[in-house]
Amino acid sequence: MASFPGVPFGIFMFSTCAIVIGLIQAVIVAYGFYHPYLLNHQIQVSENQAFYKHHILQIILRGPVLCFFAAIFSFFFIPMSYVLLGLVIFLPHITRLIIWCKNKTVGPKEEEEPRRLEAFTFYLNEPLSKERVEAFSDGVYAIVATLLILDICEDNVPDSKEVKDKFHDRLIEALSEYGPNFLAYFASFVTTGLLWFVHHSLFLYITKATRFMGLLNTFSLAFVGGLPLAYQLTSEFAEKSHNEIEAIQVSCVITFFASIFQFAIWITALFHERETLHPLARYGGKEHAFMFAKLALYPCVSLGAFFLTCLLSKFSTAIFHIMLIVVPFAFLALRILVRISLAIMKSMLSLSRRKDVVLDEEETCLSPAETLS
């Protein structure tokens, strides 16, 4: 469908796959309600099991129904098919917005309120399985690392005949020609590893995930999946060419968005920190400053490198390489730097408090007439 956006068969095949997946999920739900002991405890003890079944099936089958109409429209009016496929993603949030506006203007219906509180919805602040978020994320990071390894092994190994004829059987000299490619590979792999490390630290302190956190995590993983593309770009073009500069800037953008969405997960967790964060990581906690610095490191460095390559295009390659070298060492020294910064801030605050105390004592020693003057 992406390769041939104007061909109806691509949209039809995509929609058919979505319909089949939805029907299989509906069968799973029907089987679960036929054997209630498999269901969530909240549904098992509820008196409205029929309502739950109808509501969950309605949510699951909403997407396949839209895909069915998208498949039909693909043979008559392709833009309408893309609109319907987009509604599969945005319809739950549009529906919630309409209900919110209706409740604000007309008010909620009293007879529907108890049922609506029991229903499973698409609300962004609903709980999400933290274990499944971590498992999905680990799978994506593992695949990205594997793709990087496959890329470096496929195109950057010299042919034995070439080594013999061109480099006189000197393998080290032959490999030296692929030096920039190896450097780009190690840089991309280290970036992937450090982003995984930050992700692991983040969800170590998050005690409860929400749908919105899952959405932000998916966006972050989408850009993490672009790191093999960044590797290919930074190793493909000639040194100090215009294309190489643009490739470096694209790599900085990919790294920035992969890390800024992780930072957004942290900010989202802080809004409901008593429910979502470990006590040590809450605002003012022992690890709060260190976690903040760890999550802010990659966004700040990649954004700074991007703007520096725009202003100093002649030195863009050197700037990019410095960024790749500095960031891993910065991670190693981060805890020490944060502790030093906190110690300096505490000493400055204590000095300012001492000055205030001295001023207050001097004012108390003055007579009333001197204080007025």
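Student: How much accessible surface does the protein chain have, and what share belongs to carbon and sulfur atoms?

Tutor: This is a predicted model, and its accessible surface is computed over the protein chain. The total comes to about 23,500 Å². Carbon and sulfur atoms hold 69% of that area.

Student: What percentage of the residues in the chain is buried?

Tutor: The chain has 373 residues, and 34% of them are buried.

Student: Which secondary structure elements does the chain have, and how many?

Tutor: There are 16 helices and 2 strands. For contacts with a separation of 6 or more, 73% are between residues 24 or more positions apart.

Student: Where is the largest nonpolar core, and which residues touch the most other members?

Tutor: The general idea comes first. In soluble globular proteins, nonpolar side chains tend to be buried together. In this model, the largest nonpolar core has 48 residues, and Leu-202 and Ile-206 touch the most other members. Two or more residues come from each of helix H6 (130–155), helix H9 (179–205), helix H10 (211–224), helix H11 (227–236), helix H12 (242–271), helix H14 (288–311) and helix H15 (316–365). Another core lies apart from it, with 9 residues, among them Ala-26, Leu-39, Tyr-52 and Leu-57.

Student: Which residues is Ile-206 in contact with, leaving aside its neighbours within four places in sequence?

Tutor: Ile-206 is in contact with Lys-130, Met-213, Ile-265, Ala-269, Thr-276 and Leu-277.

Student: Is Lys-130 buried or exposed?

Tutor: Lys-130 counts as buried because its relative accessibility is 16%, under the 20% cut-off. Glu-134 has a relative accessible area of 24%, so this residue is partly exposed.

Student: Which other residues of helix H6 can be read this way?

Tutor: Take Tyr-141, which has its place in helix H6. Tyr-141 is buried, with a relative accessible area of 3%. Not counting residues up to four places away in sequence, Tyr-141 touches Thr-192, Leu-195, Trp-196, His-199, Leu-221, Val-224 and Gln-262. The C-alpha atoms of Tyr-141 and Gly-193 are separated by 8.1 Å, although the two residues are 52 residues apart along the chain. Asp-138 also lies in helix H6, and is partly exposed at a relative accessible area of 37%. For Asp-138 and His-199, 61 residues apart along the chain, the C-alpha separation is 9.3 Å.

Student: What can be read from helix H14?

Tutor: Lys-294 is found in helix H14 and is buried, with a relative accessible area of 6%. Leaving aside neighbours within four places in sequence, Lys-294 is in contact with Phe-197, Val-198, Ser-201, Phe-331 and Leu-334. Ser-302 is also in helix H14. Its relative accessible area is 1%, so Ser-302 is buried.

Student: Which residues is Ser-302 in contact with, again leaving aside its neighbours within four places in sequence?

Tutor: Ser-302 is in contact with Cys-252, Thr-255, Phe-256 and Met-323. Of these, Cys-252 is buried, with a relative accessible area of 1%.

Student: How many disulfides does the structure hold?

Tutor: The structure holds 0 disulfides. Cysteines can still be read by their accessibility. Cys-252 is buried at 1%, whereas Cys-300 is exposed at a relative accessible area of 53%.

Student: Where does helix H4 have a kink?

Tutor: A kink is read as a bend in the helix axis at a given residue. In helix H4 (residues 78–105), a kink of about 60 degrees lies at Phe-90, shortly before the proline Pro-92.

Student: Which residues of H4 are buried, and what covers them?

Tutor: Ile-78, Ser-81, Leu-84, Leu-85 and Pro-92 are buried in H4. Their cover includes helix H1 (8–34) and helix H3 (49–73).

Methods. Residues are numbered from 1 along each chain as its sequence is written. This is a predicted model: local features need pLDDT of at least 70, side-chain atom pairs count only at pLDDT 80 or more; totals for chains, interfaces and linings use all residues. Side-chain values use heavy atoms; hydrogens and water are left out. A nonpolar core is a set of buried Ala, Val, Leu, Ile, Met, Phe, Trp, Tyr and Cys residues joined through side-chain atoms within 4.5 Å. Buried means under 20% relative accessible area, exposed over 50%, partly exposed in between (1.4 Å probe, protein chains only). Helices (H or I, at least four residues) and strands (E, at least two) are DSSP runs, numbered from the N terminus. Contact means heavy atoms within 4.5 Å. Accessible areas come from the Shrake-Rupley method with a 1.4 Å probe; for residues, only the protein chains shown count as cover. The bend at a residue is the angle between axes fitted to the seven residues ending there and the seven starting there. A disulfide is a pair of cysteine sulfur atoms within 2.5 Å.
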